[in-house]
Amino acid sequence: MTDRLAQQMRFCLEIDQEKNIDRHTYTTEYRRENDAEHAWHMAVMAMVLHEYANEDVDLLRVIELLLVHDLVEIYAGDTFAYDEEGKKTQKERETQAADRLYAMLPDDQEQYFRGLWDEFENEQTPEARFAHTLDNFQPVMLNDATDGKLWQEAGAHLDQILERNHNTAAGSKTLWEYSYHHFIEPHVGKEIKK
């Protein structure tokens, strides 16, 4: 076996750990979603919903961004959207994790995968903006499907939810408006209202 293939296999086995990273979001079956499920769900959603992106997007690139962006959580862990303390160190932890994880790959692939991660984080391309929209939209959709369970448990307030979703419209005004009117507004009168 070549060194290149050995490196690729090590990476492929390492990313299996993404299945073990639990998120706070509940699935429609009222169990915690894991990172791999989240990535798969958004990738398929991108295939279905990309017509609502504000700008023309390269669908394959959007899917690549969605599949790669949370792999760093294998080492950095998932930072809950409403964990103010965790968010203070999130960027540093995730950057160190990206350095460690993508370094397993051969140099050309390390640069490519790390470039995808950086592109998602920087939100400077239409694809990254739309990928971020889906990254915000999907958990809000699931929260609505579970009657606001996550927001109720977290004691999340409307201003926190709006802050978490402050740039959702940058990738898709249509999906942001749908999210606000169908997934957020119905819960405003419940425990999440300040």
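Modeller: The setting comes before the individual pairs. This is a predicted model, in which local features need pLDDT of at least 70, side-chain atom pairs count only at pLDDT 80 or more, and totals for chains, interfaces and linings use all residues. Residues are numbered from 1 along each chain as its sequence is written, and side-chain values use heavy atoms, with hydrogens and water left out.

The protein has ten helices and two strands, where helices (H or I, at least four residues) and strands (E, at least two) are DSSP runs numbered from the N terminus. Their order from the N terminus is α-β-β-α-α-α-α-α-α-α-α-α. Of the 194 residues, 44% count as buried; buried means under 20% relative accessible area, exposed over 50%, and partly exposed in between, with a 1.4 Å probe and protein chains only.

As for charge, there are 20 positive and 40 negative side chains, and the centres of the two sets lie 4 Å apart. Lys and Arg count as positive and Asp and Glu as negative, without His and the chain ends; each charge is placed at NZ of Lys, CZ of Arg, CG of Asp or CD of Glu.

The whole structure holds 13 salt bridges, each being a side-chain nitrogen of Lys or Arg within 4 Å of a carboxyl oxygen of Asp or Glu. One of them joins Glu119 and Arg61, at 2.4 Å from N to O. This pair links distant parts of the chain, with Glu119 in helix H6 (residues 107-122) and Arg61 in helix H3 (residues 59-68), 58 residues apart. Glu119 counts as buried because its relative accessible area is 13%, while Arg61, at 22%, is partly exposed.

Another salt bridge is formed by the side chains of Glu85 and Lys88, with an N to O distance of 2.8 Å. Both residues lie in helix H5 (residues 84-102), and because they are three residues apart there, about one helical turn separates Glu85 and Lys88. Glu85 and Lys88 are both exposed.

Asp16 and Lys19 also meet through their side chains in a salt bridge, at 2.7 Å from N to O. Asp16 has a relative accessibility of 37% and so counts as partly exposed; Lys19 is partly exposed too, at 48%.

Finally, Arg23, Glu33 and Asp78 are linked in a network of salt bridges.
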